Amino acid sequence: MENHTINVPGAQEFARPRTRRDFFKSLAVAGAGATAASMLLSREASAKTDDVDIANFALTLEYLEAEFYAMAVDSGVLSGDALGVVENLASHEAQHVTALKDLLESVDATPVEKPAFTFPEDALTSQASILDLAATLEPVGVGAYLGAAPLISSPDILSAAGSIAGVEGEHVVAVNWLLGVVPYANEAFPKALTLDEVSAAVAPFLGGKMLSTGGPRLSPEEQYRLNKAYRLGHL
Amino acid sequence: MSEVESRIPLGIDREVSRRNFLKTAAWTGAAFSAMGIGGFGVAVRRAEAQSEYKTYEGLGDAAILQFAYQLELLEGTFYAEGVKAGIFKDAFLEQIVAIRDHEMAHADAIATTLGDLGADVPATPQFTFPNGAFSDAAAFLQLAATFEPVGIGAYQGAAPALESKDILAAAISIHNAECQHRCAINILNLVNPPNNLAFEEALPLEDVQAAVKPFGITG
């Protein structure tokens, strides 16, 4: 079903060569505003712009997780250990959303709006289905942060991203525990994911659309570097 | 005092680590702005950004890795002794074995990278553990619960100070493994729910040094 639209360009469009006019047209569509656009005019600001993209990219993932876990807590099908774990998952992701929005607003960037997510029909019908989806989402969160980390210019944002990534890693372990996966922590080198891999993984929740980072700022060369850098996280 | 001074051979796949840990890449030349972005520090205080990384600045990647190498050896040795002590079985044992293997894989990968950088791999310190650390599972797990946040804090603190993007990518992955260990140790300690932190915490260098000094790391 295709009932959802995102009011920003898709990730695939980012890789297209753009004229300056196209660039700003898309920016306006993305609602990034004049402040963000003017930042693009100076070379010094480009690092900042990348960081804004990455933070918005992360924010979208956190929105997705936060919404799913909030619904899971409200579903009434969780109990015992699973309820406690998922309540914390919901709380953590909501705090990550707030932290990332604060981060973006503190530099006069516009946080992306929460998209309308779609979940599989049976996602919330049982504890098992909730945990299955959690086990799918959490490694994507880890991989996205690990993949993006080498692209982040600001040490503060990098530190924050690492902090949040680590928590997503803990979530993987807690969900493993509930699912009876032993050992619970079983990766010496948790994997980074490429931008494409993350986008593909979350596309089903966006009605089949690719994940937006909130602005059309990547040239083909940048896209290449991004994916290359993402892959470097694979050990 | 129980003392341990030898690396435990674990049959780690050295070639895989060597090949992948530090690939030469176009990224090596990429400029890494240490200047950062004004205003972010305040906003992300809740995310533990703060300024811990500044205490690692100026050390250089090799010195940071040399320190990290010793931390990994300390952890790896600790978990190896825990396995040898015979105080765990079943799922508990499987988890402790896995963490041991992870820490040793980290040490091995870091040693390889130090070699690639032309830097010395530090001699294995003479580690010292508290009396009774390996006499029962509870004592061991209590110590484990104090180790993991030190490793987490060290990597998280040092990451923004790393100059090489390749090393950063590796360090942030290792950091994630340490966070996963923290949660796993919580599970073994019957902390429920075990995922009880919304933000991992960075530690300044001096705090990490102070934490590991009693165990024999003086670097």
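In this predicted model, helix α5 of chain B crosses helix α7 of chain B in a left-handed sense. The two helices, the latter spanning residues 205-212, pack at an angle of about 150°, and their axes are 9 Å apart. Since angles over 145 degrees count as roughly antiparallel, α5(B) is roughly antiparallel to α7(B). On the α5(B) side the contact involves B:Val150, B:Gly153, B:Ala154 and B:Gly157, which meet B:Leu205, B:Val208, B:Ala211 and B:Val212 of α7(B). Six nonpolar and two polar residues make up this contact of α5(B) with α7(B), and no charged residues take part.

Helix α5(B), residues 137-158, also packs against α6(B), residues 165-188; the two axes come within 9 Å and cross at roughly 160°. That angle makes α5(B) roughly antiparallel to α6(B). The crossing of α5(B) with α6(B) is left-handed. Residues contributed by α5(B) are B:Leu141, B:Ala144, B:Ala145, B:Glu148, B:Pro149, B:Gly151, B:Ile152, B:Tyr155, B:Gln156 and B:Ala158, while α6(B) supplies B:Ala171, B:Ile174, B:His175, B:Glu178, B:Cys179, B:His181, B:Arg182, B:Ile185 and B:Leu188. Sorted by class, the residues of the contact of α5(B) with α6(B) comprise twelve nonpolar, four polar and three charged.

Leaving aside neighbours within four places in sequence, the contacts of B:Ile152 are A:Gly166, B:His175, B:Glu178, B:Cys179, B:Arg182 and B:Glu200. B:Ile152 and B:Asp108 are separated by 44 residues in sequence, and their C-alpha atoms are 18 Å apart in space.

Helix α6(B) packs against a helix of chain A as well. Helix α7 of chain A, residues 155-179, and α6(B) have axes 8 Å apart, at an angle of about 45°. The two helices α7(A) and α6(B) are therefore oblique to each other, and their crossing is right-handed. From α7(A), the residues A:Gly162, A:Ala165, A:Gly166, A:Val167, A:Gly169, A:Glu170, A:Val172, A:Val173, A:Ala174 and A:Trp177 meet B:Ile172, B:His175, B:Asn176, B:Cys179, B:Gln180, B:Arg182, B:Cys183, B:Ala184 and B:Ile187 of α6(B). The contact of α7(A) with α6(B) has eleven nonpolar, six polar and two charged residues.

Chain A contains nine helices and zero strands, and its elements run α-α-α-α-α-α-α-α-α from the N terminus on. Of the 235 residues in chain A, 53% are buried. Among the contacts in chain A with a separation of 6 or more, 78% are between residues 24 or more positions apart. The mean pLDDT of chain A is 76, with 67% of its residues at 70 or more. Residues 1-47 of chain A have a pLDDT below 50, and this stretch has 73 contacts in the model beyond near neighbours in sequence.

Several backbone features were also recorded. In chain A, the peptide bond from A:Val182 to A:Pro183 is cis, with omega near -5°. A:Pro183 is located in the loop between α7 and α8 (195-202) of chain A. In chain B, a cis peptide bond with omega of about 0° joins B:Asn192 and B:Pro193, and B:Pro193 lies in the loop between α6 and α7 of chain B. That loop between α6 and α7 also holds B:Leu190, a residue other than glycine with a positive phi, near 60°. B:Leu190 is exposed, with 8 other C-beta atoms within 10 Å. A positive phi, near 55°, is also found in B:Asp90, likewise a residue other than glycine. B:Asp90 lies in helix α4 of chain B, residues 90-117. B:Asp90 has 8 C-beta neighbours inside 10 Å and so counts as exposed, the cut-off being 12 or fewer.

Definitions and conventions: Residues numbered from 1 in each chain as written. Chains lettered and ligands numbered in written order. Predicted model: local features only at pLDDT ≥ 70, side-chain atom pairs only at ≥ 80, totals over all residues. Helix = DSSP H or I, 4+ residues; strand = E, 2+ residues; numbered from the N terminus. Buried ≥ 20, exposed ≤ 12 C-beta atoms within 10 Å, placed from the backbone. Contact = placed C-beta atoms within 7 Å. Axes fitted to C-alpha atoms, helices over the stretch in contact; angles between N-to-C directions. Parallel < 35°, antiparallel > 145°, perpendicular 65-115°, else oblique. Left-handed = near helix turned anticlockwise from the far one by under 90°. Nonpolar A, V, L, I, M, F, W, Y, C, P; charged D, E, K, R; others polar. pLDDT = per-residue confidence, 0-100.
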